[in-house]
Amino acid sequence: MATPRIFISAKLESKREITLDVDASNHLLHVLRLKVNDSLMVFDDSKGEYKAIIIAIKKDHAVIFVEDFIQCNRESPLQIHLGQGISRGEKMDFTVRKAVELGVNTITPLFTEYCNVKLEGERLMSRLRHWQGISISAAEQSGRCYIAKILLAQTLEDWVAKAATTGLSLILDPCASSKLSATKEHPNFVNLLVGPEGGLSDKEVVFAKQNKFLPTKLGPRVLRTETAALAAISVLQAKWGDF
């Protein structure tokens, strides 16, 4: 069994005791069923992780002792910013989790013309916190020491206009003439635009092209939104990343 890993939002230091919050303690004690003297790894969104051990349980809180620091880098040399049209419920959750596992650095949820999800105010902020929690969980599971950021949801037009100023920008379009695998550039940063369940409108595709997004496709078949995003990320990592 792999050693459990937990993200700690506070700055970590060797040879320190830390009392974990209720959520982290519940995960360790009731989900993973760890006990006093059990080992784990902890990390704080920096350049490595720490060995740790549970030394006490005080009411609903686990107390750990942080031991040695282990410098490690499991990040891809290719940075990927995913602009994802918001899909319904578990589909968006699945996309966020698997994108983080595959090495995406940043995800911006996008409101698009065919997006059927209505989010605003506190409901929107609740979903963003939920997706950031999924990002943390995926980092813990996959061995990453950095947490992929979930940015504030915005319109496709706003994101495209800003994203086009950095790196190589790609839009998945099943009508494109060229395949993603045939892209000849050698970037270290990619903006990837993927539509929601209903796809992107012709107007949105044209707008993205006008803002230097290159249309590309994965092959002859039309993929579901959650399949398309993950397949594209995998191709990008195989071409320019660490696959």
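Which residues are linked with Arg5 in a network of salt bridges? Glu49 and Arg74 are the partners that join Arg5 in this network. A salt bridge here is a side-chain nitrogen of Lys or Arg within 4 Å of a carboxyl oxygen of Asp or Glu.

The structure is a predicted model, in which local features need pLDDT of at least 70 and side-chain atom pairs count only at pLDDT 80 or more, while totals for chains, interfaces and linings use all residues. Residues are numbered from 1 along each chain as its sequence is written, and side-chain values use heavy atoms, with hydrogens and water left out.

An overall view comes before the details. The protein chain contains six helices and twelve strands; helices (H or I, at least four residues) and strands (E, at least two) are DSSP runs, numbered from the N terminus. Its C-alpha trace spans about 60 × 40 × 30 Å along the principal axes. The chain has 243 residues, and 49% of them count as buried. In these terms, buried means under 20% relative accessible area, exposed means over 50%, and partly exposed lies in between (1.4 Å probe, protein chains only). With contact meaning heavy atoms within 4.5 Å, 73% of the contacts between residues at least 6 apart in sequence join residues at least 24 apart.

Salt bridges come next, and a search of the whole structure finds eleven. In one of them, the side chains of Asp44 and Lys11 meet at 4.0 Å, N to O. Asp44 lies in the loop between strand E3 (39–43) and strand E4 (48–58), and Lys11 in the loop between strand E1 (5–7) and strand E2 (16–19), so this pair ties together parts that are 33 residues apart in sequence. Asp44 counts as buried because its relative accessibility is 9%, whereas Lys11, at 57%, counts as exposed.

Another salt bridge brings together the side chains of Glu197 and Lys91 (3.7 Å, N to O). Since Glu197 sits in the loop between strand E11 (189–194) and helix H5 (202–210) and Lys91 sits in helix H2 (residues 89–101), the pair ties together parts that are 106 residues apart in sequence. Glu197 is partly exposed at 30% relative accessible area, and Lys91 is partly exposed at 26%. Glu122 and Arg129 also form a salt bridge, with their closest N and O atoms 2.5 Å apart; Glu122 is exposed, with a relative accessible area of 53%.

Asn37 has a positive phi of about 80° although it is not a glycine. Asn37 is placed in the loop between helix H1 (22–31) and E3, and at 57% relative accessibility it counts as exposed. Asp45, likewise a residue other than glycine, has a positive phi near 65°. Asp45 lies in the loop between E3 and E4 and is partly exposed, with a relative accessible area of 25%.
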